[in-house]
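Subject: Structure handover

Hello,

Here is the structure for your files, with the sequence alongside. My notes on what turned up follow below.

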Amino acid sequence: MLERLIGEYGVLAVFLGAAAEGETAAFLGGVFAHRQLIPYWQAALAACLGSFAADQFFFLAGRYATKWSYVQKLLGSKPIERVTRLLEAHPTGFILAFRFIYGIRTISPVAIGVSTVSALRFVILNAIAALIWGVLITAIGFLAGQTVEVLLGRLQLHLHLLIALACVAILVPVSAYVFRRAVAKRSARLGA
């Protein structure tokens, strides 16, 4: 039953999940591909397109809907200063990298929309970054699925997915912590 549902709606779920949440959906798309429930290329493409579409939406919201309460809330949030500094210092690098930085993924395209970055430049850089991100995160999910199978054998799908979710639940906070420490050390070194 679960296999049939994933086979029928898995690509759509990866697309919507990548747009709404991000890494977990793309990662699970890779696990689904490993289990041969959906083709890898479809899972990766769905992750790329979902991420691209969401970031375009938030960019356009920042550009044309600044009076929208949700946009006002994001622009008034604490991380906006850091995002703006990074964007002003390294606009191209920041646009290519923000989706890999935990905690600023949603606010960044809004901040870019408010900035002087042209819509064409953002579309091109967003497409490149979404392609890299979608293929990479889906591949990590695929490899994680393979690793689980090598270590534990062919598990029932629900157990395999629970293990995959546990991996995401551990890896995302650890990665965010390591990244924040590295940024703090770099900031302290530059400030000294």
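From the N terminus on, the elements of the protein chain run α-α-α-α-α-α-α-α-α. That comes to 9 helices and 0 strands, where helices (H or I, at least four residues) and strands (E, at least two) are DSSP runs, numbered from the N terminus. The model is predicted: local features need pLDDT of at least 70, side-chain atom pairs count only at pLDDT 80 or more, and totals for chains, interfaces and linings use all residues. Residues are numbered from 1 along each chain as its sequence is written, and side-chain values use heavy atoms, with hydrogens and water left out.

Overall figures

Of the 192 residues in the protein chain, 38% are buried. Buried means under 20% relative accessible area, exposed over 50%, and partly exposed in between (1.4 Å probe, protein chains only). The protein chain exposes about 10700 Å², and carbon and sulfur atoms supply 69% of that area (Shrake-Rupley method, 1.4 Å probe; for residues, only the protein chains shown count as cover). Among contacts (heavy atoms within 4.5 Å) with a separation of 6 or more, 80% are between residues 24 or more positions apart.

Cores

A nonpolar core here is a set of buried Ala, Val, Leu, Ile, Met, Phe, Trp, Tyr and Cys residues joined through side-chain atoms within 4.5 Å. The largest one has 20 residues, and Phe-94, Ile-95, Ile-112 and Phe-122 have the most contacts inside it. At least two of its residues come from each of helix 3 (40–64), helix 4 (69–75), helix 5 (80–89), helix 6 (91–97), helix 7 (107–114) and helix 8 (119–152). Helix 7 gives the largest share, 4 residues. Leaving aside neighbours within four places in sequence, Ile-112 touches Phe-59, Arg-63, Leu-87, Phe-94, Ile-95, Phe-98, Val-117 and Phe-122. There is also a second, separate core of 16 residues, which includes Ile-38, Ala-47, Trp-133 and Ala-164.

Thr-138

Thr-138 is in helix 8 and counts as buried because its relative accessibility is 0%. A polar atom of the Thr-138 side chain lies 2.6 Å from the backbone oxygen of Gly-134. Beyond its neighbours within four places in sequence, Thr-138 is in contact with Ala-26, Gly-29, Gly-30, Tyr-40, Ala-43, Ala-44 and Ala-47.

Salt bridge

The whole structure has 1 salt bridge, defined as a side-chain nitrogen of Lys or Arg within 4 Å of a carboxyl oxygen of Asp or Glu. The side chains of Arg-99 and Asp-55 form it, at 2.7 Å, N to O. Arg-99 sits in the loop between helix 6 and helix 7 and Asp-55 in helix 3, 44 residues apart. Both Arg-99 and Asp-55 are buried.

Aromatic pairs

There are 7 aromatic pairs. Rings of Phe, Tyr and Trp (its six-membered ring) pair if their centres lie within 6.5 Å; planes under 30 degrees apart count as stacked, over 60 as edge-to-face and the rest as tilted. Phe-57 and Phe-58 are edge-to-face, 5.3 Å centre to centre with 75 degrees between the planes. Phe-58 and Tyr-70 are tilted, at 6.1 Å and 40 degrees. The latter pair links Phe-58 in helix 3 with Tyr-70 in helix 4, 12 residues apart. Phe-58 is buried, with a relative accessible area of 14%, whereas Phe-57 is partly exposed at 46% and Tyr-70 is partly exposed at 32%. Ring pairs join Phe-57, Phe-58, Trp-68 and Tyr-70 into a cluster.

Regards

Conventions: A polar contact is a pair of N or O atoms within 3.5 Å; within protein, one must be able to donate a hydrogen and the other to accept it, and residues adjacent in sequence count only if both atoms are side-chain atoms.
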